[in-house]
Amino acid sequence: MKDLVLKLQDIFKKAPLGIMTVLAMDILEIVLLSLNPFVIGICIDNFLDHRYFWFYILIVLQLLLIAVRAINKIIDTRVYEHIIEDENNNYYKEKIPQNDC
């Protein structure tokens, strides 16, 4: 367990700002997804009274969710791509001299 924690700390040290950005984007995506049912409910209630303000809010919320998801995937790929490449290189540098691969 201690080895796992140390390995995670090493990985985090490689790109702390990037990892925190990805985490923040994940949290923002969860918040937007959680707001969806609430806004849909209010939207349906207001449709019965022929008011469309919450419908426009729902459209903006969906567009914002699409944008956040796209940005999140781009940032996620760029951050973890470098970490994975570095981890692979370190693994092979360690294993090749031992002929363990």
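Helix α2 (residues 16–48) and helix α3 (residues 53–95) pack at an angle of about 160°, and their axes are 9 Å apart. That makes α2 roughly antiparallel to α3. On the cut-offs: angles under 35 degrees count as roughly parallel, over 145 as roughly antiparallel, 65 to 115 as roughly perpendicular, and the rest as oblique. Axes are lines fitted to C-alpha atoms, for helices over the stretch in contact, and angles run from 0 to 180 degrees between N-to-C directions. Helices are DSSP runs of H or I with at least four residues, strands are runs of E with at least two, and both are numbered from the N terminus.

A word on the basis. This is a predicted model: local features need pLDDT of at least 70, side-chain atom pairs count only at pLDDT 80 or more, and totals for chains, interfaces and linings use all residues. Residues are numbered from 1 along each chain as its sequence is written, and side-chain values use heavy atoms, with hydrogens and water left out.

Back to the pair. The crossing of α2 past α3 is left-handed, meaning that the near helix is turned anticlockwise from the far one by less than a right angle; clockwise would be right-handed. What residues make up the contact of α2 with α3? There are 25 nonpolar, six polar and four charged. Here Ala, Val, Leu, Ile, Met, Phe, Trp, Tyr, Cys and Pro count as nonpolar, Asp, Glu, Lys and Arg as charged, and the others, Gly among them, as polar.

Now α1. The axes of helix α1 (residues 2–14) and α3 come within 10 Å and cross at roughly 125°. That makes α1 oblique to α3. The crossing of α1 and α3 is right-handed.

Next, the whole chain. It has three helices and zero strands, in the order α-α-α. Its radius of gyration is 22 Å, well over the 13 Å that the globule rule gives for 101 residues, so the chain is more spread out than a compact globule. That radius is taken over C-alpha atoms, and the rule is 2.2 Å times the number of residues to the power 0.38. The C-alpha trace spans about 75 × 25 × 25 Å along its principal axes. Buried residues make up 21% of the 101. Buried means under 20% relative accessible area, exposed over 50%, partly exposed in between, with a 1.4 Å probe and protein chains only.

On to the aromatics. Rings of Phe, Tyr and Trp (its six-membered ring) pair if their centres lie within 6.5 Å; planes under 30 degrees apart are stacked, over 60 edge-to-face, the rest tilted. The count comes to five aromatic pairs. Why is Phe-53 with Trp-54 edge-to-face? Their ring centres are 5.8 Å apart and the planes sit at 80°, so the pair gets that label. Phe-53 is exposed at 53%; Trp-54 is partly exposed at 26%. Tyr-91 and Tyr-92 have centres 5.3 Å apart and planes at 75°, so that pair is edge-to-face. Both are partly exposed, Tyr-91 at 41% and Tyr-92 at 42%. Ring pairs also link Phe-47, Tyr-52, Phe-55 and Tyr-56 into a cluster.

Last, one backbone point. His-50 lies in the loop between α2 and α3. Its phi is positive, about 60°, although His-50 is not a glycine. Most residues other than glycine have a negative phi. His-50 is exposed, at 60% relative accessibility.
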